[in-house]
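Subject: Structure handover

Hello,

Here is the structure you asked about. Please open it first, then read my notes below with it on screen.

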Amino acid sequence: MNNRVKKFRTELNLTQAELSEKLGVSRQTVNAIENGRYNPSTALSLKLGFILNKKVEEIFSLEDTD
């Protein structure tokens, strides 16, 4: 799965630490999501959408192999 979390986070001038605090997760979790090492739950994906003011479909997209 591809994601644009880092792009949208930096557009809002949020650090990983600031985003993680808003999400209620560790900074390492945000880092893992941004680097494609962790796929967030539906609830966490929806929270990301709310905080980043984007639809989940704008943040995440499937790869051909998914």
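Predicted model: local features only at pLDDT ≥ 70, side-chain atom pairs only at ≥ 80, totals over all residues.

Residues are numbered from 1 along each chain as its sequence is written, and side-chain values use heavy atoms, without hydrogens or water.

Helices here are DSSP runs of H or I with at least four residues, numbered from the N terminus. Two packed helices are described by the angle between their axes and the distance between the axes. Each axis is a line fitted to C-alpha atoms over the stretch in contact, and angles run from 0 to 180 degrees between N-to-C directions.

**H2 and H4**

H2 spans residues 16-23 and H4 spans residues 42-52. Their axes come within 10 Å and cross at roughly 120 degrees. The crossing of H2 past H4 is right-handed, meaning that the near helix is turned clockwise from the far one by less than a right angle.

Which residues in H2 and H4 meet? From H2 come Leu19, Lys22 and Leu23; from H4 come Leu44, Lys47, Leu48 and Ile51. Contact means heavy atoms within 4.5 Å. Five of the residues in this contact are nonpolar, none is polar and two are charged. Nonpolar covers Ala, Val, Leu, Ile, Met, Phe, Trp, Tyr, Cys and Pro; charged covers Asp, Glu, Lys and Arg; the others, Gly among them, are polar.

**H2 and H3**

H2 and H3 pack at about 105 degrees, with axes 8 Å apart. The two are therefore roughly perpendicular. H2 brings Gln16, Ala17, Leu19, Ser20 and Leu23 to the contact, and H3 brings Arg27, Val30, Asn31 and Glu34. That contact holds four nonpolar, three polar and two charged residues.

**The two faces of H2**

Gln16, Leu19, Ser20 and Leu23 of H2 are buried, that is, under 20% relative accessible area; exposed is over 50%, and partly exposed lies in between (1.4 Å probe, protein chains only). Down the H2 axis, the buried residues fall within an arc of 100 degrees, so they line one face of the helix. The arc is taken from the directions from the helix axis to the C-beta atoms. These buried residues pack against H1 (5-11), H3 (27-34) and H4. Turned away from the buried side are the exposed residues Glu21 and Lys22. After H2 comes Gly24, with a positive phi near 80 degrees.

- Leu19 counts as buried, because its relative accessibility is 0%. Beyond neighbours within four places in sequence, Leu19 contacts Val5, Arg9, Leu14, Val30, Leu48 and Ile51.
- Gln16 is buried too, at 14% relative accessibility.
- Arg27 is in H3. Its relative accessibility is 36%, so Arg27 counts as partly exposed. With residues up to four places away set aside, Arg27 touches Gln16, Ala17 and Ser20.

Best wishes

Technical notes: Parallel < 35°, antiparallel > 145°, perpendicular 65-115°, else oblique.
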